[in-house]
Amino acid sequence: MNKSEINNLPSPCWLLEEKKLQKNLEILKVIEEKSHAKILLALKGYALWKSFPLIKQYLDGCCASGLYEAKLAHEEFGKEVHTYAPAFKEEEIEEIAALSHHLVFNSPAQFRHFAAKAKKVNPALSLGLRVNPEYSESPKEIYNPCGLHSRLGTTLDHFDESLLPQLDGLHFHALCEQDSSALENILKHFEHKFGKYIAAMKWINFGGGHHITRKDYDTEKLITLIKKFKTRYGVEIYLEPGEAVGWETGPLIATVLDIVHNGIDIAILDTSAEAHMPDTIIMPYRAEVRGAGKAGEKCYTYRLAGNTCLAGDIMGDYSFDAPLKTGDRIFFEDQMHYTMVKATTFNGIKLPDIAIERPDGHIEVVREFGYGDFKQRLS
């Protein structure tokens, strides 16, 4: 990483490291080749389309959560587009159908209402239904798509067998940052509930949440699970990770604007947990900071805080080997996934610019944000 170029970057700034992205993609490609499954990029987790020319060399397409993501996939990725939404809108369904290769409905009612209209627009469209296996090992209930009273997917009790002649596939999503052992348990419940329908399908979508590029992920188990499932039922298998694509591929770089003291030292940064790293508050999880330790672990401890008026806009307490000072750069690691896609201009705070470090070490700023991006969201 070129330090002089890093120091000259605008702040705050997301920095994608393309070499790390390619390493993740190579892992995913091995899964595709060994298991013969197809892997899609989940745009809800990672949608930095300036990197799509690299990603589409490895993956089979994108999964979209509605019209805008489907348009982005069609325009910038140009391969398979699989679209699912908890509910589709009347005024959007025809355009979505025209853009998509697979269209997955959340409920039998939505299927009955839209399927014929979608097929009329695009006769080649493959239709699916999302089902709920009513089992998950999700670490947080807010991210549990199979939790109590979940709106996501059709339970067996509400499955409509009259749809079977029109159904090409079933989709389930029950994972969140989990290993293949969790998938193994979910498949048991999925097959127990919906097994009698699977052999009649052309494809089964195993959804997202597969933490495939994490260092301790058991890829061989995943490959074995997919191959055995394909052998049992003779269906095409899709996976749609988002986080696994962008996992540990670059930081959010911020700058210390001021240091205040109120019982502890507090460094105010030019970024925001609320606006730019919302999962650190929602999940919550503690983002790693380059060169820092836990509070008290090193000589100098600071609370890192955002530059908004929200009292809880706090990244956490970190310790450093040397005192922080105004102008120091802070690197929040692993900030490529579920950050840009969720970022807001809350409180008028500037969106981080976006830069890409190419494999040769050169850094290119690919997007700069300004006042217009804040104003044009409003009226």
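A salt bridge is a side-chain nitrogen of Lys or Arg within 4 Å of a carboxyl oxygen of Asp or Glu. The legends below describe close-up views of a predicted model.

**View 1. A salt bridge between Lys 202 and Asp 168.** The side chains of these two residues, Lys 202 and Asp 168, pair at an N to O distance of 3.6 Å. Because Lys 202 belongs to the loop between helix 7 and strand 8 (203-205), and Asp 168 to the loop between strand 6 and strand 7, the pair ties together parts that are 34 residues apart in sequence. Lys 202 is exposed, its relative accessible area being 56%, whereas Asp 168 is buried, at 14%.

**View 2. A salt bridge between Lys 196 and Glu 161.** The side chains of Lys 196 and Glu 161 are joined by a salt bridge of 3.7 Å, N to O. This pair links distant parts of the chain, with Lys 196 in helix 7 and Glu 161 in the loop between strand 6 (126-130) and strand 7 (169-171), 35 residues apart. Lys 196 is exposed, with a relative accessible area of 63%, and Glu 161 is partly exposed, at 44% relative accessibility. In total, the structure holds 25 salt bridges.

View 3. Arg 303 and Asp 317 form a salt bridge in which the closest N and O atoms are 2.7 Å apart. Asp 317 is in strand 14 (residues 314-320) and Arg 303 in strand 13 (residues 300-305), so this pair ties together parts that are 14 residues apart in sequence. Both residues count as partly exposed, with relative accessibility of 23% for Asp 317 and 30% for Arg 303.

**View 4. The packing of helix 7 and helix 8.** The axes of helix 7 (residues 180-198) and helix 8 (residues 219-233) come within 11 Å and cross at roughly 10°. Helix 7 is therefore roughly parallel to helix 8. Residues of helix 7 that take part in the contact include Leu 183, Leu 187, Phe 190 and Ile 198, and among their counterparts in helix 8 are Leu 222, Leu 225, Phe 229 and Tyr 233.

**View 5. Helix 4 and its surroundings.** Helix 4 (residues 67-77) has Leu 67, Glu 69, Ala 70, Leu 72, Ala 73 and Phe 77 as its buried residues. Their cover includes strand 2 (38-42), helix 3 (52-55), strand 3 (61-64), strand 4 (80-84) and helix 5 (93-99). Gly 78, with a positive phi near 75°, follows helix 4.

View 6. Phe 346 is placed in the loop between strand 15 (329-332) and strand 16 (353-357) and is partly exposed, at 32% relative accessibility. Asn 347 lies in the loop between strand 15 and strand 16. Although Asn 347 is not a glycine, its phi is positive, about 65°; Asn 347 is partly exposed, at 43% relative accessibility.

View 7. A cis peptide bond, with omega near 0°, runs from Ser 11 to Pro 12. Pro 12 is located in the loop between helix 1 (3-7) and strand 1 (13-17). His 36, in the loop between helix 2 (18-35) and strand 2, has a positive phi of about 65° although it is not a glycine. His 36 is exposed, with a relative accessible area of 55%.

Key: Residues are numbered from 1 along each chain as its sequence is written. This is a predicted model: local features need pLDDT of at least 70, side-chain atom pairs count only at pLDDT 80 or more; totals for chains, interfaces and linings use all residues. Side-chain values use heavy atoms; hydrogens and water are left out. Helices (H or I, at least four residues) and strands (E, at least two) are DSSP runs, numbered from the N terminus. Buried means under 20% relative accessible area, exposed over 50%, partly exposed in between (1.4 Å probe, protein chains only). Axes are lines fitted to C-alpha atoms, for helices over the stretch in contact, and angles run from 0 to 180 degrees between N-to-C directions. Angles under 35 degrees count as roughly parallel, over 145 as roughly antiparallel, 65 to 115 as roughly perpendicular and the rest as oblique. Contact means heavy atoms within 4.5 Å.
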